[in-house]
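This report examines selected parts of one protein model. Please look at the sequence and the structure before reading on.

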Amino acid sequence: MTKRLIVTADDFGRALPINEAVEDAHRRGILTAASLMVTGDAAADAVERARRLPSLGVGLHITLVDGIPALPPRQIPDLVGDDGRFTDHLVRLGVRIFFDWNTRRQVAAELRAQFELYRATGLPFGHVDAHHHYHLHPTVFDMILHLAREYGAPAIRVPWEPPASSFGVVQSLFHRRRVRRMRRKLKAAGLIANDRVFGIEGSGDMDHTRLAAILARLPDGLSEIYGHPATGGWDDRPMPPQYRTVDEYRALIDPTVFDALHRSGAQLTTFAAEAAAQEELG
């Protein structure tokens with residue numbers, strides 16, 4: 001079994017400095033993919049850049065929390081606050097989705113609206129994942145899986161990271177049943193998924209040292225490393241202050257990371273390329 005590696009930037013379209021980092025890190029670095037926030041303030045700019053980068057594997061970054069909805073707030077009152085943005089209360093929303101039919105109806109409508117916005121870009125549908133990995137919610141995942149099949153998305157990220165600390169062990173155990181369920185359903189639906197992901201424990205701190213360390217222990221199979229690179233900051237609803245977005249961008253074009261990738265023997269790829277290769281094998 002070979003080592004294949006997808007390197008993804010999340011929040012593509014959220015702000016211009018993110019878009020700049022995505023384009024440069026794909027042209028000059030190891031970045032192979034980006035997940036598009038279709039309702040982000042800089043989504044139109046992201047789409048234009050993606051059209052200039054046909055080898056960039058672009059997918060849909062579903063947003064149900066901490067972001068801007070596709071539908072008018074009056075149509076999804078249970079999902080948004082007074083400011084018209086999605087709630088930041090992830091657990092509270094998750095409980096409502098699980099128990100309240102009306103909330104589930106609104107989520108289903110919003111998800112379809114985001115899939116429609118992505119299709120309207122004309123970009124190939126490379127993969128689907130979710131902001132804050134919110135598709136770990138079983139109800140949300142089932143909805144996304146149904147839409148991914150309908151809209152022709154070949155892959156969904158499975159947010160499982162091999163534990164590297166006591167925190168990681170606890171997190172892995174907590175999500176283990178959900179992840180197994182996700183994998184079973186993806187396999188039954190004929191969609192592909194990564195074997196593992198790196199970036200959950202180091203979220204906002206994926207600098208060149210951390211990237212090189214991950215590459216040094218990269219196992220066989222399909223791995224994904226994701227981060228939040230940006231060329232600088234921005235004023236309107238920026239990343240959390242502890243996020244080292246510029247360092248994450250620099251890591252993707254760092255010669256020491258190139259060397260670590262070469263030593264790892266991993267082949268850079270995208271979800272779409274993996275799906276095409278699997279289709280050829282039958």
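How do the residues of the lining of the second largest pocket divide into nonpolar, polar and charged? In this predicted model, the lining holds eight nonpolar, two polar and five charged residues.

**The second largest pocket**

The second largest pocket has a volume of about 430 Å³. Its lining is made up of 15 residues. Those that lie nearest the centre of the pocket are Leu 191, Ile 192, Ala 193, Asp 195 and Gln 278.

Two elements give two or more residues to this lining, namely helix H6 (166-189) and helix H10 (271-281). The largest share, four residues, is that of H10.

**Helix H4**

Helix H4 comprises residues 101-121. Just after H4 comes Gly 122, which takes a positive phi of about 80°.

H4 has a set of buried residues: Thr 103, Gln 106, Val 107, Glu 110, Leu 111, Ala 113, Gln 114, Phe 115, Tyr 118 and Thr 121. An α-helix has 3.6 residues a turn, so residues three or four places apart point the same way. Among the elements that cover the buried residues of H4 are strand S2 (33-36), helix H2 (43-51), strand S4 (128-130) and helix H5 (138-151). S3 and H3 are also included in this cover.

**Leu 64**

Leu 64 is placed in the loop between strand S3 (57-62) and helix H3 (90-99). Is this residue buried or exposed? Leu 64 has a relative accessible area of 2%; it therefore counts as buried, the cut-off being under 20%.

Apart from neighbours within four places in sequence, Leu 64 is in contact with Phe 86, Leu 93, Val 107, Glu 110, Leu 111, Tyr 134 and Val 140. Of these contacts, Val 107, Glu 110 and Leu 111 are also among the buried residues of H4. Between Leu 64 and Arg 4 there are 60 residues in sequence and 30 Å in space, taken from C-alpha to C-alpha.

**Ser 223**

Ser 223 lies in strand S6, which covers residues 221-227. With a relative accessible area of 0%, Ser 223 is buried.

Which side chain makes a polar contact with the side chain of Ser 223? The partner is Arg 196, at 2.8 Å. When residues up to four places away in sequence are not counted, Ser 223 touches Arg 4, Leu 5, Ile 6, Arg 196, Phe 198 and Leu 218.

How values were computed. Residues are numbered from 1 along each chain as its sequence is written. This is a predicted model: local features need pLDDT of at least 70, side-chain atom pairs count only at pLDDT 80 or more; totals for chains, interfaces and linings use all residues. Side-chain values use heavy atoms; hydrogens and water are left out. On a 1 Å grid over the protein atoms alone, a cavity is a set of points where a 1.4 Å probe fits but cannot get out, and a pocket is an open set with protein on both sides within 12 Å along at least five of seven lines; lining residues have an atom within 4 Å of a point. Grid points are joined across faces, edges and corners, and a volume is the space filled by probe spheres set on the points. Ala, Val, Leu, Ile, Met, Phe, Trp, Tyr, Cys and Pro count as nonpolar, Asp, Glu, Lys and Arg as charged, and the others, Gly among them, as polar. Buried means under 20% relative accessible area, exposed over 50%, partly exposed in between (1.4 Å probe, protein chains only). A polar contact is a pair of N or O atoms within 3.5 Å; within protein, one must be able to donate a hydrogen and the other to accept it, and residues adjacent in sequence count only if both atoms are side-chain atoms. Contact means heavy atoms within 4.5 Å. The expected span of a helix is 1.5 Å times one less than its number of residues.
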